[in-house]
Amino acid sequence: MLNQFMQSRLRGLIILAVILYALPAFLSNPFHYDLATQMAIIAATVVGLNLLVGFAGQISLGHAGFFGLGAYFTGIMTGNYGWSAIPALVVGGILVGILAWVVGRPILRLKGHYLSMATLAVGFIIAIVINNESQITGGPDGMPVPPFDVFGWELSPFGTYSLFGIELNGSQAWYLFAAAVLLVAVWLAQNLIDSPIGRALRSVHGSEVAARVVGVNTARYKSLVFVISAIYASVMGGLYAHFQGFITPAVASFDFSIVLITMVVLGGMGSTMGVILGAVVLKLLPQILTHFQEMEAVMFGLILMLTMIFMPKGLLPTLQLAVSKRLKKRAGGQA
Amino acid sequence: MSALIEVSGLDKAFGGVHAVEGVSFSVEAGQVYSVIGPNGAGKTTLFNLISGIYTPTKGEIRLNGESTDRLEPNQLAERGMCRTFQQMQICMNMTAIENVMLGRHLKLKSNLFSTLFRLPSLLRDEKSCRQHAQDLMEFVGCGEYLDTEASAMSYGALKRLEIARALAAEPKVILLDEPAAGLNGTETAALEDLIRKIADQGTTVMLVEHDMKLVMGISDRLLVLNYGRVLAEGTPEEIRNNPDVIAAYLGG
C-alpha cells in the first residue's frame, strides 16, 4: 500500500501539498507569509519555464519579459479600465501566448547561444517598452495595482478573512491561495510531461533527429512549449502584481530573467519539484545572507558556483540520487 | 506496380566532395535491400538523403511514387518511412519504454486539453500505446528493460531498442544504418533473425551494413557503392560473382 503510493505519479504533488499547508505552522509574522507567497508565485513561474528549459532543452533568457507583460497587462486593465482580475489574467495570458508564438516561430529555429541571444533580446525589448511607455505603465516609477478580486470579493494583503471559522489575516489568506495556485501549476505541468505531448517535448531535448524520424514536428512542439511557458509566466506575473499591489519595470528586467533561469538550473533541470526547491533556495539565500552584510553578493555567488560544481544536475536530482544509492546499499547489505 | 523507393540520378556534394554521385536504384515493397561498400563510400549519406535529413544537390527520390523533394524527416515518417542511426539516437532523458512509445507518436491523437486535464480518453490511448510498446520490446528482445532509464542500458540493448522505436511507427519501410556494428557473434545472429521477422511481417527493410555474412544471408538485393558511385547492383549471388566488386571490395 505504502509502496504503491510511493510509485504513484501523484506522489510528488501530495508531498508538495503537505509541505505547503504544513508550512504555516513555522511562519510567525506577515513578513514570512509574504516571502512564502512570493516564493510560491515565482516557483509556479519556474515550473512553467522548466517545461521549456528542463524538458524540451531550449533556453529563454527573456522570460521575465513575459512575466512583466502579464503583470502590467493585469495592472493596467484592472487599475485603469476597471476589469476584474480573472478576465485580465486570462486575456493577458492569451495575448502573451500569441506574442510568444509569433516571436517563437522564427527564433526557436536557432540553437544554443544564438537562441539565448534572441530570447535575451525579446526580454530587453519588452523591458524597454515598459520603461518608456510611461503614460500607461508609469515608467521607471512603476504603477499601483488593485487587489485580486473574484466576483466582487477582494483578496488583499491588508484584509481579514475567515476560512472554516479560522481567522486569517490578508497575508495568510494570500499564502493559502498562492499555494493552491502552485499546486495547480505543478499538476498541469506533470500532466503535460506524462503524455504523448510530453514525450515529444522531451525527445526534442533527448535527440531532435530521432524525434523527427518518428514523425515529431519538432518546430511545432518547440513553439508550443515556448507558448505554454510564456503563459505560465504571464499569469503568474499578473498574480504577482495583484499580490504586491505595486509593480515596477524590475519585474520584466534582465536580472529577473537570469534569476528565473538560475532557479531552474540550481534546482535541477527537468525536475518539477527540483525547480521549486531552486526557487525557494534562491529566494531564501539573500534573507539568510544579510548577516554577511557587504559580503552578501560574494557569498551568494560562491554558493551558486559551489553548487554547480559539486551538484551539476541540480539540488534535488543530486539529493535523490544520493538517497537512492544509500537505500540500495542498505538493501544490498541485507541480502 | 511501381517501386516503393525509387532513386534516380542522386547527387550530394559537400563543398567540392561528391559523397554520392549519380546513384539510381529502386526498392520493391517487401524486399530486404542492402547497401554495402567500403568506409566513406557514401552509404550513410545515401540514407540521410533518403530519410530527408540531407537535401540532395541533384536528383530525385520517390517514396510510393511521390517525390520526397523538400519533405522533412517527420513528413516522411507520416508517409511510412522510419530509420535507425549508425550513431544511435536514443533519448537518454527517458526510460526505455518511453523511447518506444515516442515511436508511436503519429498513431496517437492528442490534444492539449485532454492532456492538461488528463482525461480518460488520453489514459486509454496511453495504456494501449504502452502495451504495444511492451510487445515490441519483447519482439526485438529487450523486454526486460521496460522502465529502465535508457542511459542505464547496454549498447546491444539500445541498438534493439532503437529498432523497436522505429517499428512502433508501423513504417512501410525501415532503414537500418549499421545495426550490427559493435555487436558480438551471438547478438548478430539474433539481429539476423529479427530482421528476417520484420521482413516476414511485410515491412520493407533497407540496410547499410559491413557484416558480409549477415548481408549476404538476408538480402534480396544489394547495392554496392564505391567513392559515392554505384559499383554494382543485383542479387547476393550476382554481387558475389561480380568481378568489379571482388576487385574493389571483397577480394581487396
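Is Arg118(B) buried, partly exposed or exposed, and how many other C-beta atoms lie within 10 Å? In this predicted model, Arg118(B) is partly exposed, because 18 other C-beta atoms lie within 10 Å, whereas a buried residue would need 20 or more. The following report treats the backbone at this residue, then the contacts between domains, chains and helices.

**Two arginines with positive phi**

Most residues other than glycine have a negative phi. Arg118(B) is not a glycine, yet its phi is positive, at about 50°. The residue lies in the loop of chain B between helix H4 (112-116) and helix H5 (120-140). Arg70(B), likewise not a glycine, has a positive phi of about 65°. Arg70(B) is found in the loop of chain B between strand E5 (66-67) and H2. Arg70(B) counts as exposed because 8 other C-beta atoms lie within 10 Å, and the limit for an exposed residue is 12 or fewer.

**The two domains of chain B**

According to the domain assignment, chain B contains domain 1 (1-80 + 171-252) and domain 2 (95-170). The C-alpha centres of domain 1 of chain B and domain 2 of chain B are 27 Å apart. Where they meet, twelve residues of domain 1 of chain B are in contact with eleven residues of domain 2 of chain B. On the side of domain 1 of chain B that touches domain 2 of chain B, the elements giving two or more residues are helix H2 (73-78), strand E7 (173-177) and helix H7 (185-200) of chain B. H7(B) gives the most to this side, with four residues. By class, this side of domain 1 of chain B has nine nonpolar, one polar and two charged residues.

**The contact between chain A and chain B**

The contact between the chains takes 22 residues from chain A and 31 residues from chain B. On the side of chain A that touches chain B, at least two residues each come from helix H8 (170-193), helix H9 (196-206) and helix H10 (208-213) of chain A. H9(A) gives the most to this side, with eight residues. The residues of this side of chain A comprise ten nonpolar, nine polar and three charged.

**Two pairs of packed helices**

Two packed helices are described by the angle between their axes and the distance between the axes.

| Helix pair | Angle | Distance between axes |
|---|---|---|
| H4(A) (63-80) and H5(A) (85-107) | about 140° | 9 Å |
| H3(B) (96-103) and H5(B) | about 110° | 9 Å |

H4(A) and H5(A) are therefore oblique to each other, since an angle has to be over 145 degrees to count as roughly antiparallel. The crossing of H4(A) and H5(A) is right-handed. H4(A) contributes Phe66(A), Leu69(A), Gly70(A), Phe73(A), Thr74(A), Met77(A) and Thr78(A) to the contact. From H5(A) come Ala85(A), Ala88(A), Leu89(A), Gly92(A), Gly93(A), Leu95(A), Val96(A) and Ala100(A). By class, the contact of H4(A) with H5(A) has ten nonpolar, five polar and no charged residues.

In chain B, the axes of H3(B) and H5(B) make an angle of about 110°. H3(B) is therefore roughly perpendicular to H5(B), a description that covers angles of 65 to 115 degrees. The residues of H3(B) in this contact are Ala96(B), Ile97(B), Val100(B) and Met101(B). H5(B) supplies Cys129(B), Arg130(B), Ala133(B), Gln134(B), Leu136(B) and Met137(B). The contact of H3(B) with H5(B) divides into eight nonpolar residues, one polar and one charged.

**Two leucines**

Leu222(B) has its place in strand E9 (residues 221-226) of chain B. Leu222(B) counts as buried because it has 27 C-beta neighbours inside 10 Å. Not counting residues up to four places away in sequence, Leu222(B) touches Ser34(B), Ile36(B), Val215(B), Gly234(B), Pro236(B) and Ile239(B). Between Leu222(B) and Leu4(B), which are 218 residues apart along the chain, the C-alpha atoms are separated by 16 Å.

Leu284(A) is found in helix H13 (residues 272-289) of chain A. Leu284(A) counts as partly exposed because it has 13 C-beta neighbours inside 10 Å. The C-alpha atoms of Leu284(A) and Ala36(A) are separated by 9.3 Å, while the two residues are 248 residues apart along the chain.

How values were computed. Residues numbered from 1 in each chain as written. Chains lettered and ligands numbered in written order. Predicted model: local features only at pLDDT ≥ 70, side-chain atom pairs only at ≥ 80, totals over all residues. Domains from an automatic or database assignment. Contact = placed C-beta atoms within 7 Å. Nonpolar A, V, L, I, M, F, W, Y, C, P; charged D, E, K, R; others polar. Axes fitted to C-alpha atoms, helices over the stretch in contact; angles between N-to-C directions. Parallel < 35°, antiparallel > 145°, perpendicular 65-115°, else oblique. Left-handed = near helix turned anticlockwise from the far one by under 90°.
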